[in-house]
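The following questions and answers work through a structure one topic at a time.

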Amino acid sequence: MEQAVKDTFNQGSARANAAYQMGRRRFTVDPITRLEGHGKIDIYLDEKGDVERAYLQVPELRGFEVFSLGRPAEDMPQITSRICGVCPTAHHMASTKCLDDLYQTPPTAPGRKIRELVYNTFMLEDHALHVFVLGGPDFIVGPEAPPAERNIVGVIGKVGLEAGKKVIATRRRLRDLIAYFGGKVVHPVLGLPGGVSKALDPAELPKFKELAKDGVEFAEWTLQVFKDIVLKNSDYVKLITSDAYTHKTCYMGMVDEQNKVNFYDGKLRVVDCDGKEIYKFTAQEYRDFVAEHVEPWSYMKFTFLKPRGWKGFTEGPDTSIYSVAPLARLNASDGMATPKAQAACDEFYKTLGGKPVHHTLANHWARIVEMVQAAETMEKLLNDPEITSQEVRRVPTNVPKEGIGVVEAPRGTLFHHYRTDERGCITMANLIVATANNAARIAMSVERAAKGLIKGGQVTEGLLNKVEMAFRAYDPCLGCATHSLPGHLPLLVKIYDRHRHLLQELRQG
Amino acid sequence: MPTASIHALVHDCAADPAAVPRVASPVAESDRAPAGPVFYPAAASTPRILVLGLGNDILTDDAVGLLAVRELRAGLAGRHPLPIDVCETTEMGLALLDFLVGYQTVILVDAIQTGRAPVGTVHELDAPALRRLAGVTPHFLGVGETLALGRQLGLPMPTRVLILAIEVADPFTVGTTLTPPLQAALPAILGRLWNLVLELADPWDSDEVPGRCPSCCGQKQEPMNISRRRLA
């Protein structure tokens, strides 16, 4: 990055941080949650009282780069996995791949397979959590249901107690597999440059094969639950396809050599809003394609497609805004890598009117299609004779300099980029997390919802819920900065007039 | 669903201090918990009380819950066995279910930032706030929902949950040391936690000096009037 650009960016960032700090002093927070920055939405009205701008703020993690400086690069998979209690495995894996690149030491074939096995298991588990616990209540219980019922308890009420037990038990077994390899679920110690730290004991193989088989069944069952409850209800389908939740942007996702969805490795492919491939690049080339934009009114960074230049929060054929996460991955690929997932994917596009699908709420369905692929991939890997090989690591001998690693986290593309001195100590560390890749489109969704619900200074009933649904479909990782008192997401909406005076404050949670 | 198998998940637990990530060195060589046999106590011998520290060990003050229970564990080590497990975790949401199952009483120690109290203040959070499910956004699964979920699934859930929420200054900056005001308040926080634990661990050994905080300052402290709160 050029120095002038960097300076401008840093100044803007510092101003925004200072403004945020000032803002924090002004509002009070329910003491049960101290996540005061989470789910904070600011809405600015024009002189007519209509929405001029609305956006979601999440607290920014501060000081990561400084903290990393001088530390051995091998520590990064552990440090970065500690950043977030929600997706530690994604950071761990992106970081590990970054080390491979840094030391120019690709993993051995069995080492790579173990990584892929763990990663697909994580995807299945994390997606299941979202479907049933986080986002699913909107649909399984119903978007119009009272908030008191729109939670996991309400989901179990709808799908049945036995089904609820199945969800909890399957999730636990999937986490057992991750813990077997990673030592622990939340802070795995699996990844090393050139491979992994633990091989699979053949004695454990039957247990995990059984799990993978059950995993496929579980994913297919989840798909069936979704079809029965959501797709058979025309009101839900109408909501999914409604204009309020539709944006014509570009999409980015990782694909294998056949352009099929891959979570762990491959090239990044970008399609435009007509579904046509416009870019395809390796992780190492990401800076030529992804740039970050800062707005004076927010401390958030909005990524955009660099070759197209920043064109504002616009949609359509020329937009430089792209989105990531399940829907984007399906849109950016030529299909799924496994047969059952491909069948589910075909049905997805047939029902929603062909590729690409621009409906944000379709992310929920796309997420279940991905669950099927993750489970099938687990099964395929566990049936590969090489999976029990003990050759899981290649010891690096090259002098490190710079490395870039990328994975598809459940919430979208995740980049890790480090530079080191010749001893392998970090001199620069940069992360672009999934939610940053989605930030611009999330901002558009929130603004759209707000514009539809506020006219002439009058706020329509149901604003909070509609706005929430708009960003929840992306599964934004608001957990990055904090664990907090577990763990409601208070949604705080502040409405300002054109003089930036606070008019109204709404809260939920 | 047998209780013991649920505990198989608890890898960050007190039974193996070596498995616990350390704040001072975020990448401990002993980070890997032993695989294979479950080291967690079986259901029959599960203590009645769990003290669970929550937080992120590399986010400055966010680690205070983890630090507090770590000190408590050190203080309890080698003493007359109390029916207490002391655990820490960086997880949240649904993952807490795996920790809570099988205990009668749970004390959660966590960071909070209300901005309305001096740094280091220990808020004892009210049970009704946890009991209610109404008005809670379903994005993250809160303690209240976790308890409700566990009960609905027929799991043995705690009947009493107390939350000690410690007011912090900075939970957003990556770092492994507490801010100075919180560091200064730590002995008092530990004293408060220690008192509460002794009070709940009934019957406690009368030979022990009540209210003494062995882990930090060693000073005798006035027992504090801490109300016990019950969850339905």
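This is a predicted model in which local features need pLDDT of at least 70 and side-chain atom pairs count only at pLDDT 80 or more, while totals for chains, interfaces and linings use all residues. Residues are numbered from 1 along each chain as its sequence is written, chains are lettered from A and ligands numbered from 1 in the order in which they are written, and side-chain values use heavy atoms, with hydrogens and water left out.

Q: Which residue stands opposite Leu268(A) in strand 7 of chain A?
A: Strand 6 (residues 267–271) of chain A pairs with strand 7 of chain A over four bridges, in the antiparallel sense. In strand 7 of chain A, the residue opposite Leu268(A) is Phe281(A).

Q: Are helix 13 and helix 14 of chain A roughly parallel or roughly antiparallel to each other?
A: Axes are lines fitted to C-alpha atoms, for helices over the stretch in contact, and angles run from 0 to 180 degrees between N-to-C directions. The axes of helix 13 and helix 14 of chain A are 8 Å apart, and the helices pack at an angle of about 165°. Angles under 35 degrees count as roughly parallel, over 145 as roughly antiparallel, 65 to 115 as roughly perpendicular and the rest as oblique. Helix 13 and helix 14 of chain A are therefore roughly antiparallel.

Q: In which loop is Pro356(A) found?
A: Pro356(A) is joined to Lys355(A) by a cis peptide bond, with omega about -10°. The residue is found in the loop between helix 13 (339–352) and helix 14 (363–382) of chain A.

Q: Why is the pair of Tyr44(A) and Tyr496(A) stacked?
A: Rings of Phe, Tyr and Trp (its six-membered ring) pair if their centres lie within 6.5 Å, and planes under 30 degrees apart count as stacked, over 60 as edge-to-face and the rest as tilted. By this rule there are 17 aromatic pairs over all chains. The ring centres of Tyr44(A) and Tyr496(A) are 4.9 Å apart, and the pair is stacked because the planes are at 15°.

Q: How many residues apart are Tyr44(A) and Tyr496(A)?
A: Tyr44(A) is in strand 1 (residues 40–45) of chain A and Tyr496(A) in strand 16 (residues 491–496) of chain A. The pair thus links distant parts of the chain, and its members are apart by 452 residues.

Q: What is the average twist from one strand to the next in the open sheet of chain B with the order 2-1-3-5-4?
A: This sheet has five strands and mixed pairing, and its edge strands are strand 2 (84–89) and strand 4 (122–125) of chain B. From one strand to the next, the twist averages 20°.

Q: At what angle to strand 5 of chain B does helix 6 of chain B run?
A: Helix 6 (residues 180–200) of chain B lies across strand 1, strand 2, strand 3, strand 4 and strand 5 of chain B. Its angle to strand 5 of chain B is about 170°.

How values were computed:
Two strands pair if DSSP finds at least two bridges between them. Helices (H or I, at least four residues) and strands (E, at least two) are DSSP runs, numbered from the N terminus. Contact means heavy atoms within 4.5 Å.
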